[in-house]
Amino acid sequence: MFACIQNPGIAPVEGFTLLGVSTTRDCGVAGVIGQFGSGNKHAINVLLRAGLKVFVYCGRTRLEFYTRDDEINDGLIRKAVKRVMCKMGGTSSKTIDLGWVLDFGAIDWTDLGMAMREFVSNAIDRTVREEGGEFLPALKAGRLSVTIASDDKMKAKDGYTRVYVELNESVQRYVGELPRRFLHFSDDPAQVKKSFLPKANRNLNGKKTAVIYREGVYVREIEDYEEESIYDYNFKSGELQIDESRNSSDWAIRAAIAKLYRTASSVELAPLFQALTGPKPCFEDHLDPDYIISTWDKPKTEQSVAWQTAWEAVAGDAVLCDNATTIVEFVERKGYKALPVRSHQMVEAAKRFGVKTDVMVLTSNEQKGREKLPPSEAASAAVNEVWGWLEKYGLTNGKKKPGVGCFRDVMNGGSQTLGFCDDVGVYFADDHCSGRNKMLLQTVLEEVTHWCTKSCDGSRDLQDFAFRMVVEILA
């Protein structure tokens with residue numbers, strides 16, 4: 001018994017016998033899969049290494065592949081090798097030495113499924129090229145097909161290419177999995193042209209992680225993360241980097257998925273927000289915002305509208321925010337409904353697309369988790385004392401004395417801020433304001449200097465003010 005892979009059009013013999021030949025690369029037809037010019041040759045070697053027979057009919061020309069024992073002598077050792085040969089029949093009686101040995105590709109091409117993938121992919125590509133960029137009419141009419149044939153049914157067909165692969169358990173299982181491995185053969189072949197695929201039991205490993213396709217062809221399933229994904233993903237040829245054995249890494253896939261969300265529609269984005277605000281972690285929690293949109297990129301208007309529309313459809317007028325308790329409390333204290341999400345990465349991306357997030361309703365200090373408090377006696381006294389120094393030496397820059405307050409830093413993340421300045425006044429950490437001490441006076445001097453100069457740490461203006469103050473005092 002054999003698996004028979006058939007497509008309309010007659011493939012050139014060189015497509016199976018001459019390394020590097022690819023008639024689909026740069027063919028000018030959108031949606032084709034092949035590009036390297038090595039897949040058919042690797043597929044033949046995979047099958048021969050497994051001890052399986054493989055026959056190809058290019059129209060009426062028959063190709064039978066086998067190996068011939070040979071020996072290589074490099075001057076130090078003699079090594080036995082198996083040359084890969086092709087015996088032709090039908091329209092020719094030539095025998096071709098293909099110029100490679102059976103070990104070609106043995107390190108990376110290890111799975112019979114890889115061989116089947118190449119033959120089916122090439123059949124789809126030729127069909128698309130033969131039939132004006134479409135494959136579905138040929139599939140429905142049986143011109144494009146993958147079937148099981150008995151030995152006595154193995155024969156050529158005018159105007160067609162047929163690849164026959166000897167059947168074993170692995171090959172038969174692959175044929176049975178064809179609707180999962182190729183979107184072209186699924187219940188909804190139109191998905192070949194879609195990027196976001198609603199989950200539909202495509203996983204082969206029994207999990208619910210993201211299944212990844214390229215031009216409708218199964219690449220792999222996400223392995224580094226166990227969480228269920230919102231979608232399976234299908235990439236165009238230029239959107240996902242693969243190596244010559246058609247593999248890609250989890251890292252490259254995560255980056256490519258994140259980029260898809262940059263141009264996603266509001267309909268495609270809504271399930272993402274729905275999942276991120278739910279209780280159950282998902283794979284998409286791990287997407288990097290800098291791949292969705294970098295901090296230095298400005299989104300296009302339609303992209304921002306899509307993100308904002310999707311969030312409003314899911315959350316109404318709620319504010320998207322990090323799930324830090326303090327941020328949620330600050331948002332709600334200001335009279336807004338807070339809807340936290342697990343993924344800090346997605347909060348960052350949403351901000352860049354103009355989604356209503358905590359940055360729109362909280363001050364910069366509230367975003368840092370700083371709760372303003374009334375001033376302590378020690379803080380007020382320290383500001384009065386320092387302000388007196390500056391007035392004495394004419395260093396207030398014409399400014400009025402700032403308002404004074406304390407604050408509690410409830411989200412210090414292991415760091416500690418002793419003071420800050422805003423347009424209203426100067427504020428000091430409440431746990432350092434219990435009495436007069438040098439650290440408090442130093443902090444007050446720094447923040448009052450910010451108030452007078454309106455300059456930031458490390459600025460030239462701040463340096464000039466400090467030096468001028470020293471000179472005024474010491475001169």
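**Strand pairs and sheets**

Modeller: Let's begin with a pair: four bridges hold strand 9 (residues 211-214) and strand 10 together in the antiparallel sense. Two strands pair if DSSP finds at least two bridges between them. Strands (E, at least two residues) and helices (H or I, at least four) are DSSP runs, numbered from the N terminus. This is a predicted model, so local features need pLDDT of at least 70 and side-chain atom pairs pLDDT 80 or more, while totals for chains, interfaces and linings use all residues. Residues are numbered from 1 along each chain as its sequence is written, and side-chain values use heavy atoms, leaving out hydrogens and water.

Colleague: Which residue in strand 10 is the bridge partner of Ile212?

Modeller: Arg220 is the partner of Ile212. The open sheet of four strands has the order 8-11-9-10, and its pairing is mixed. Strand 8 (196-198) and strand 10 (217-221) are the edges; each has a single partner strand, so one side of each lacks a neighbour in the sheet. On average, neighbouring strands of this sheet are turned by 30 degrees against each other, direction ignored.

Colleague: What order does the open sheet of seven strands have?

Modeller: The order is 5-4-3-2-7-1-6, with antiparallel pairing. Its edges are strand 5 (95-101) and strand 6 (145-149), each with a single partner strand, so one side of each has no neighbour in the sheet. Strand 1 (residues 2-8) and strand 7 (residues 160-166) run antiparallel and are joined by seven bridges, and Cys4 faces Tyr164 of strand 7.

Colleague: Which strands does helix 2 touch as it packs on the sheet?

Modeller: Contact means heavy atoms within 4.5 Å. Helix 2 (residues 39-49) touches strand 2 (54-58), strand 3 (61-73), strand 4 (78-89), strand 5 and strand 7, and its direction makes about 75 degrees with that of strand 3. Helix 3 (residues 112-130) lies across strands 1, 2, 6 and 7, at about 20 degrees to strand 1. As for the angles, axes are lines fitted to C-alpha atoms (for helices over the stretch in contact), and angles run from 0 to 180 degrees between N-to-C directions.

Colleague: How many bridges join strand 15 to strand 17?

Modeller: Five, and these two strands run parallel, with strand 17 spanning residues 425-429. In that pair, Cys406 has Phe428 as its bridge partner. Strand 15 also pairs with strand 14 (residues 370-373), in the antiparallel sense over four bridges, and there Arg370 stands opposite Asp409.

Colleague: Now the helices. At what angle do the axes of helix 14 and helix 15 cross?

Modeller: Two packed helices are described by the angle between their axes and the distance between the axes. For helix 14 (residues 377-392) and helix 15 (residues 438-453), the axes come within 9 Å and cross at roughly 60 degrees. Under 35 degrees counts as roughly parallel, over 145 as roughly antiparallel, 65 to 115 as roughly perpendicular and the rest as oblique. Helix 14 and helix 15 are therefore oblique to each other.

Colleague: Which residues in helix 14 and helix 15 meet?

Modeller: Among them are Ala382, Val386 and Leu390 in helix 14, and Leu441, Val448 and Trp451 in helix 15. By class, this contact has 14 nonpolar, no polar and one charged residues. Ala, Val, Leu, Ile, Met, Phe, Trp, Tyr, Cys and Pro count as nonpolar, Asp, Glu, Lys and Arg as charged, and the others, Gly among them, as polar.

Colleague: How do helix 15 and helix 16 pack?

Modeller: The angle is about 115 degrees, with the axes 10 Å apart, and the two helices are therefore roughly perpendicular to each other. Leu445, Thr449, His450, Cys452 and Thr453 of helix 15 make the contact with Leu462, Phe465 and Met469 of helix 16. That contact has five nonpolar, three polar and no charged residues.

Colleague: Last one: is Thr17 buried or exposed?

Modeller: Buried means under 20% relative accessible area, exposed over 50%, and partly exposed in between (1.4 Å probe, protein chains only). Thr17 has 9% and is therefore buried. The residues Thr17 touches include Lys41, Phe65 and Trp100. By contrast, Asn397 is partly exposed at 37%, and its phi is near 55 degrees, a positive value in a residue other than glycine.

Methods. Lists of a residue's contacts leave out its neighbours within four places in sequence.
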